[in-house]
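Open your viewer and get ready to select a few residues in turn. Each stop on this tour says what to pick and what you will find there.

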Amino acid sequence: MCLTSLLVLMVACGDGDSDPVVVVPDAGHNVPDSGNGTPDSGGGAPDSGGDLPDAGGETPDAGGELPDAGGEIPDAGGELPDAGGEIPDAGGEIPDAGGELPDAGVTPDAGNEPADAGNETPDAGGELPDAGNETPDAGGELPDAGNETPDAGGDAGPGNETPDAGTPDAGNEPSDAGTPDAGGETPDAGGGTPDAGGEPPVVSVIANWGFEAWSGSLPDAWLGSKSNLAGSDVQKVTSGAFEGSNAARLTNASSTHRRFTTAAMTLPAGRYTCTYQVRGTGEVRNAFFDDDYSSYTGYTSVDTATWRQLTYTFNLAGDVFDTFELIFSIRNTSGEHLTFDDVRCTRAPQPCDTVTCEPWAKCDNTTVTCEPLAGRCYDTVDCDEWQACDANNTCVTAEDRCVRHADCAGTPETPVCQLSTHQCIPGDPCAGVTCTNPATTCNPTSGVCELAPGACFTTYDCVGALPACDSATRRCVPADHASNIIRNGGFESWNVYSIPYQGNHLIPDYWYGLDNGIADPGTEIRASRLQPYTAAVHGGTTALQFVVPIQVAERFSLEKFNVPSGNYSCSYRVRGHGTLRHRVYSSAGWSPQTDFILVDSDAWQPVFFKFTGNVRDWRLFFYPSRSEADRDHLQVDDVVCTKD
């Protein structure tokens with residue numbers, strides 16, 4: 001009240017300053033108060049006394065500023081200028097700001113009150129505007145726009161432009177910032193969050209999801225290992241893409257579906273949602289491959305020249321490493337066929353995404369805690385009652401419990417494991433066990449039918465002194481047994497032969513096969529490098545010694561012969577010091593090339609391999625090299641191949 005009285009007194013007396021005073025009209029369409037003109041608002045008296053109107057040659061709104069309104073006559077009189085640091089909207093009324101009630105229902109901005117302007121926040125939100133009976137500039141309507149005079153507050157930008165509400169921009173320009181005169185929305189200005197539509201694009205876990213990158217005629221990161229759509233049926237589309245510059249057209253006019261897949265990738269477990277754009281004519285469905293094919297969705301029929309969005313969701317129960325492929329299955333395409341673009345797949349965030357567990361545990365999204373994996377444990381409580389939790393956080397059989405008869409081997413009085421209680425009890429582990437294969441017998445410790453000592457299923461089982469398996473008796477036999485198709489496989493028989501260009505040499509019978517060396521390869525090693533060896537043998541009385549100190553390996557071959565149909569298991573024994581590998585050649589061609597074996601031992605080492613018969617001119621090759629005298633070079637013995 002004191003401030004109001006002071007203002008009234010100052011208006012009545014004047015301040016002796018001849019400068020005009022600029023008052024911005026409060027609102028509405030009325031012409032601002034200018035002497036004899038229309039009063040400032042409503043039906044009230046004009047906002048002036050007996051003073052001359054604010055005009056003349058004097059500079060308006062002292063301080064070098066331009067008058068606060070176009071070409072209009074400034075609000076003259078004895079009022080205080082509407083500027084500076086003075087308190088706006090003085091008097092007993094509540095200033096028009098904040099969450100308080102607006103200055104409504106009172107004759108606006110007339111008499112001796114200072115103008116409703118200055119640095120206050122303009123009329124915004126859901127409040128009534130500070131003016132007469134006009135509709136407030138708020139709610140869902142456009143802020144301060146159209147042909148109406150903007151909601152005053154020092155903003156001098158009338159006309160057809162929408163004033164940028166907020167703190168006014170002094171001078172003749174409309175203010176360029178501030179909170180917009182509408183609702184509680186985030187202002188569409190400054191560095192803040194945009195008011196609409198400007199959300200960042202969704203990131204896709206699919207590489208080259210927009211088909212923008214191509215290598216030649218094929219899109220990068222597509223046509224994975226599970227695709228069976230021909231590359232010629234994938235075409236690059238460079239006009240009318242949904243996004244970017246390119247799309248991919250797929251063609252399959254047949255009624256048999258064809259798969260078009262992504263390249264294999266790694267994906268974490270979770271729920272995924274995929275959207276993609278398609279146009280053209282045909283049918284499409286989706287699935288995925290991790291370590292097996294998922295079930296397919298139903299087919300969606302597409303027949304449109306405009307883009308249509310389809311959605312596919314799937315769930316990965318566990319992490320997939322380097323094998324995941326997203327599948328598009330298409331059929332019955334025609335016309336423009338089917339064009340795809342914008343394949344966006346995203347994973348739904350899960351509570352466990354921010355939780356890190358030990359390697360033996362996994363986060364449970366329900367409880368957001370790390371729980372032990374199957375068979376793993378924090379402590380014994382996580383295991384079955386007959387188990388203990390070891391130092392590796394693994395559930396293992398407790399010392400006094402069992403899961404098989406072999407666990408009871410340490411207690412001869414109780415050799416049987418009672419599976420219902422996991423307790424060792426007295427009894428016979430082989431009681432009630434019948435072994436139907438003649439090569440097997442019940443092991444009294446395990447109670448399981450196992451290969452009997454000296455018995456065999458194939459030559460691979462004959463690792464002792466007897467290297468060959470007789471398929472008729474299922475017993476291991478010597479290398480010279482009739483079941484061995486390799487003649488003189490034990491190198492027991494030697495004779496002198498005339499070798500072309502080398503003269504007469506002692507060589508093992510049925511070996512040193514000679515052919516033309518090109519289309520039909522044969523032995524190339526010099527006969528002088530082959531010696532009978534008796535100092536140490538694997539079987540019989542003689543082995544073969546290779547004396548090949550050179551680095552280049554040379555072929556040594558059997559004489560060729562025909563092999564009947566069937567599967568054959570083979571082995572040979574090697575000792576000494578050097579390198580050796582083997583290979584097979586026949587009418588079926590070369591076998592895969594094996595790696596060189598580095599030999600440096602006095603003990604005989606077995607080497608195993610297999611081949612399939614029903615071939616002509618079969619022969620086995622050895623490739624010795626780099627032999628050294630410290631272990632008498634290289635020795636080979638007991639070469640056997642038996643039919644399984």
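A disulfide here is a pair of cysteine sulfur atoms within 2.5 Å. Keep in mind that the model you are looking at is predicted. By the distance rule, the count comes to 12 disulfides, and the tour visits some of them.

**First stop: Cys462 and Cys476**

Select Cys462 and Cys476 and show their side chains. The two form a disulfide, with sulfur atoms 2.1 Å apart. Look along the S-S bond: the angle about the bond is -90°, and the link of Cys462 and Cys476 is left-handed. Now switch to a cartoon view. Cys462 sits in the loop between strand S17 (449–451) and strand S18 (468–470), while Cys476 belongs to strand S19 (residues 475–477). The pair links distant parts of the chain, 14 residues apart. Are these cysteines buried or exposed? Both Cys462 and Cys476 are buried.

**Next: Asp470**

Stay in this region and pick Asp470, which has its place in strand S18. Which side chain of opposite charge is nearest to Asp470? That is Arg474, 8.2 Å away. Asp470 is buried yet has no salt bridge; for a salt bridge, the cut-off is 4 Å. Next, show what surrounds this residue. Setting aside neighbours within four places in sequence, Asp470 is in contact with Cys456, Arg475, Val477, His481 and Ser483.

**Then: Cys430 and Cys442**

Move on to Cys430 and Cys442, another disulfide, whose sulfur atoms are 2.0 Å apart. The torsion about their S-S bond is about -95°, so this disulfide is left-handed. In the cartoon, find Cys430 in the loop between strand S15 (423–425) and strand S16 (440–442), and Cys442 in strand S16. The pair links distant parts of the chain, 12 residues apart. Cys430 has 18% relative accessibility and so counts as buried, the cut-off being under 20%. Cys442 is buried too, with a relative accessible area of 15%.

**Last stop: Cys352 and Cys363**

Finally, select Cys352 and Cys363. They form a disulfide with sulfur atoms 1.8 Å apart. What is the handedness of this disulfide? The torsion about the S-S bond of Cys352 and Cys363 is about -70°, so the disulfide is left-handed. Cys352 lies in the loop between strand S9 (320–347) and strand S10 (361–364), and Cys363 lies in strand S10, so the pair ties together parts that are 11 residues apart in sequence.

Terms used
Residues numbered from 1 in each chain as written. Predicted model: local features only at pLDDT ≥ 70, side-chain atom pairs only at ≥ 80, totals over all residues. Heavy atoms only, no water. Helix = DSSP H or I, 4+ residues; strand = E, 2+ residues; numbered from the N terminus. Buried < 20%, exposed > 50% of the residue type's maximum accessible area, 1.4 Å probe, protein only. Lys, Arg positive; Asp, Glu negative; His and termini not counted. Contact = heavy atoms within 4.5 Å.
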